[in-house]
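Please read the following explanation alongside the sequence and the structure, beginning with the place where two chains meet and then turning to one chain as a whole.

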Amino acid sequence: MNTTILLFLLQDGVTNGAIYALLGLALVLVFAVTRVILIPQGEFVTYGALSYAMLATGQVPGTVRLAVAMGIVAFGLDLFFARKALRARLVLRSAALNIAFPIALLAVTYAVAGPKTPIAVNIALSLLIVAAIGLFLYRIAFQPIAHTSVLVLLIASVGCHLALQGLGLVFFGAEGLRGPALSNVALTAGPLRFTGQSLAVYGLTIAFIIALWLFFGYSKTGKALRATAVNRLGARLVGIRTTLSGQIAFLLASVIGAISGILIVPITTLYYDTGFLIGLKGFIAAIIGGLVSYPLTAVAAILVGIVEAFSSFYASNFKEVIVFTLILPVLVLRSLAAPAVEEEKD
Amino acid sequence: MTQRLPLVIFAIVIAVIPFIPGIPPFWIVLLDNIGLAALVAMGLVLLTGVGGLTSFGQAAFCGFGAYTTAVLTTAYGVSPWLTLPASLLVSGIAAVLLGIVTVRLSGHYLPLGTIAWGIGLFYLFSKLEFLGRNDGISGIPPLSIGGFRMLSPDTIYYAIWIAVLIAAILTMNLLDSRTGRAIRALRRGHVAAEAFGVQTPRAKLLVFIYAAVLAGLSGWLYAHFQRAANPTPFGAQAGIEYLFIAVVGGAGYVWGAVLGAGIVVILKEVLQSYLPYIFGGQSQLETIVFGIMLVLLLQLAPSGVWPWLMSRLPFKPARKTPDTSLKLPARGRAPATSGVLLHIEKARKQFGGVVAVNDVSFEVNAREIVALIGPNGAGKSTTFNLITGVLTATSGKIFVLGKEVENAPPQEVVKLGVSRTFQHVKLVPDMTVLENVAIGAHLRGSSGAISSMLRLDRADEARLLAEAARQIERVGLSDQIDQLAGSLSLGQQRIVEIARALCVDPMLLLLDEPAAGLRHLEKQRLAALLRQLRDGGMSVLLVEHDMGFVMDLADRIVVLDFGTKIAEGTPAAIKANPDVIKAYLGAAA
Amino acid sequence: MSALLTVADVHISYGKVEAVRGVSLDVGDNEIVTIIGANGAGKTTLLNAIMGILPLKGRTTFAGIDMAQSDIEDRVASGLSLVPEHRELFGTMNVEDNLQLGAFRIAKATAATSLEKVYTLFPRLKERRKQLAGTLSGGEQQMLAMGRALMGAPKLLMLDEPSLGLAPIIVADIFRTVSELRTAGVSVLLVEQNAQAALQIADRAYVMELGEFVLSGTAKQIASNKRVAASYLGFQHEGESAI
């Protein structure tokens, strides 16, 4: 193998790895706060990417209608659970978040969508749409069963993945889509060429890691989220609303997922079901990080990306087999490192 | 036998269904699919519902079963009946290899691990040349008996449902046995089971293999039913679906698997055929509805349909009372009935930089009650865990009857005649008191999984249950013998743990806070029981916070503070010891 | 006496089992009230239900407001606080973070003075402010749990078995602090198995058995009741049935 190929594969691996890192971070975040293993993370990627790609062609993506529909269901749930004590303030707040916000989003999308809409607007719209879906997804699917076991949450998570992926096919069709690049800048360093796109990938990944670190280490909300992760009952006893923590976690995860999607859709063609596999690779990284460590997750994600790049070069047929088998030794090490005294089962 | 009656009725109903005049052939196909799915789900019931090991990868084992027969029959012309053992063997071997890794995974790593290798294997199936890549293998011959070829759905129907019935009977037999109790104890964590000699990794591997073999059987039947095999039905989606079936039916209930398979297969069919009429020809709509229903179901009935159904039935299954006249032979014990039973020499345990037990030495003599006291975090439970092998000591030595234990695992320590209870009660709440206590006698039985499935273990089983019943009577809980352990008060659960420990026929009993949660009179009764055990030749080492109880009962007291032994002596001496007063008792002891 | 907390005819069930049956109690301003009884009598269940962790049937009011519709977080915000049996600390966060999260619903300026007060009450916590909560000793964890609850400036502090698993000498310390809270204007509802210690600092007491209150009165009356003495204080009264 010559150095050029080596460098090229490394670069490819690092770029993909950075995306997996973003997803891995989001997965760690959601798991820590809500104990949900977020299988539909991949759908956030696809929804973000393909909504952006459709907006770029001037079409209104179906996801925005989904956001409205989910908002209505979420509003209904809010009303149902508060049925014994309907206070005007509560109803108004819920209506603003669950009804007014997605409908406003729908209206704006229809108003501005067109072939000439600036990229920045399209990005903002895609992010908002996916953020709304993420928020409502927590409200509808997970908040009512927030107290159940990790296993029940995991199965519910799988259910959400199935439903969202099926809807993805309805919204985007079976054909793959590509989106316009964020910028056309390119740098050359020796044999390597850095596109603006890949630089954006690196930059955003690093920015997110730093931002998350600051958020959890220093802000009151961040600490409250951590507290929820450590001890739900303890958090409630000091007045932290765990439902709010869950919503924030899902909101962050969906935004991170959508950003990842928007970052890769100009590089590779995405299909309605591509997200699942991408998400799973973020998972592998998250698991290597033990579902708790952000820096370890980021490093692991880059490694996954590199392994993937090399195996697709040498054994492209067995790329997925290699990547998914890679996880087993890691899991064993993780389990061995876990304390011998057992965890109380929930 | 009233217990067999529902089974016989079920078998007859299944047998006559194809003879109902005018039954649409399509229904038989559905029933075939239900049977195939039920087989896999039954394995999951044992694996996930009973054993607590969640697997998303069962579809891959169907793949092993199906591809084995597909390759052997098409490429090598082997007869389908001969490939049955081969299919089961291949699935079993795959399960051993994957299982060795998988059962070591803890917590949520395990389900995630199964997702990972499930997907990996799916890609492997779809990339390997000799498995026909994505197209798979077709032209698999049908099953045949003599000249009778099972070509149509209603002929293979019997093969499928006979397999389901046999699997159900074997699974239920297995659950109601010594091995079954060990498996059922897994879900509550391994520490309690290991303390009574259960080899938990082996028990986990056993259920893992059992579930895989059932899946392999389903795959073998599937291949001869479809007469073709391709990767799609063995992918991640299918693996998820099987788990869904088990959860819908009620993970943990053998018949829940059949019921769940029925519900899910029919539901899918209905969705696939009617949704396009309602919403137009959109594809994948059933996946969407399916996913939504899954979420809904978990919100409305997280424990599944079968238990919900059973709780609405008017009759309750009767329980047999064990015949207490049967006796287990006493455990072979060393002759020493006097002298030092347990000798701890400078035992030390460090967790990172924290010294939990700091060079602690003490002894327990034969026929003696020794109490270990000290504040929480003083290292009392850690000391217990060192003695029983749950933790390995950083340094120091522990001798039982003069023989060094040398960091033996709990399963070996219990064989020396040291049994224990736990500070945080570790019973299986959905097992009866009798079944829980019988786990204590695990090492005094010998029947394995196969003999349990075939009901060859009944004599052994009866002796174990008799011993358990005798110990329950001894601690005064005979009235609660058939209640679920989880329904008892915490105080009573602690007493159940003592009965379980007594089932070991121990010479040294380690009790971690046995009096917590007992009222004054119950404490007196417990003290009387412990004195009686001592006078019968047993020694007791106990951790307890109730000073009244300890001072009254113990022959000797060892005081720990911050992991260090600060005093040792008779209750009177301890009460007067200035160090103990300063560190622990305070002025008004 | 204006009642800060009133609980009227409360029933609490786990599935079909009724763990608490028809219990009524009240706690006034600046009052220490204790509920004594054996483990399993329903004391913890009752406290958890008052806090909103478990659902209950019956009427509960706090500071004059019906609590039927408020959840845990609302109750915390209105000045009700629980130090639960298992303390429920944030084990992987340090002492000061734990305390500051205790003031999650409180304005930042108030929280700063609360922190000083808690450190004065428990100087040990100040020494260990950067230590992770999970690495504290049992007694320190109990102090931290109480300190965290006090950070929210509660009107009523409910303590569930604060002496559980602690050395008798530390128990004495904790109880002294509890009795000091009254002078700071905090009422206390104390659940204890250690009846002797609880009755020494309480103004009034309820005795709970099998989900019901069987006795109530001033702490002195309860302490001198022969039946209580026999069942809970461990004194032997010859020739008398204990239960």
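How many residues of chain B are in contact with chain A? In this contact, 41 residues of chain B meet 41 residues of chain A, two residues being in contact if their C-beta atoms, placed from the backbone, lie within 7 Å. The side of chain B that touches chain A draws two or more residues from each of α5 (109-127), α8 (190-195), α10 (236-249) and α12 (285-300) of chain B, and its largest share, 11 residues, comes from α5(B). By residue type, that side divides into 24 nonpolar, 14 polar and 3 charged residues, where Ala, Val, Leu, Ile, Met, Phe, Trp, Tyr, Cys and Pro count as nonpolar, Asp, Glu, Lys and Arg as charged, and the others, Gly among them, as polar.

The model is predicted, so local features need pLDDT of at least 70 and side-chain atom pairs count only at pLDDT 80 or more, while totals for chains, interfaces and linings use all residues. Residues are numbered from 1 along each chain as its sequence is written, and chains are lettered from A and ligands numbered from 1 in the order in which they are written.

Chain A itself has 13 helices and 2 strands, helices (H or I, at least four residues) and strands (E, at least two) being DSSP runs numbered from the N terminus. Of the contacts in chain A with a separation of 6 or more, 79% join residues 24 or more positions apart.

Chain C also touches chain A, with 20 residues of chain C in contact with 16 residues of chain A. Here α2(C) gives the most to the side of chain C that touches chain A, with 4 residues.
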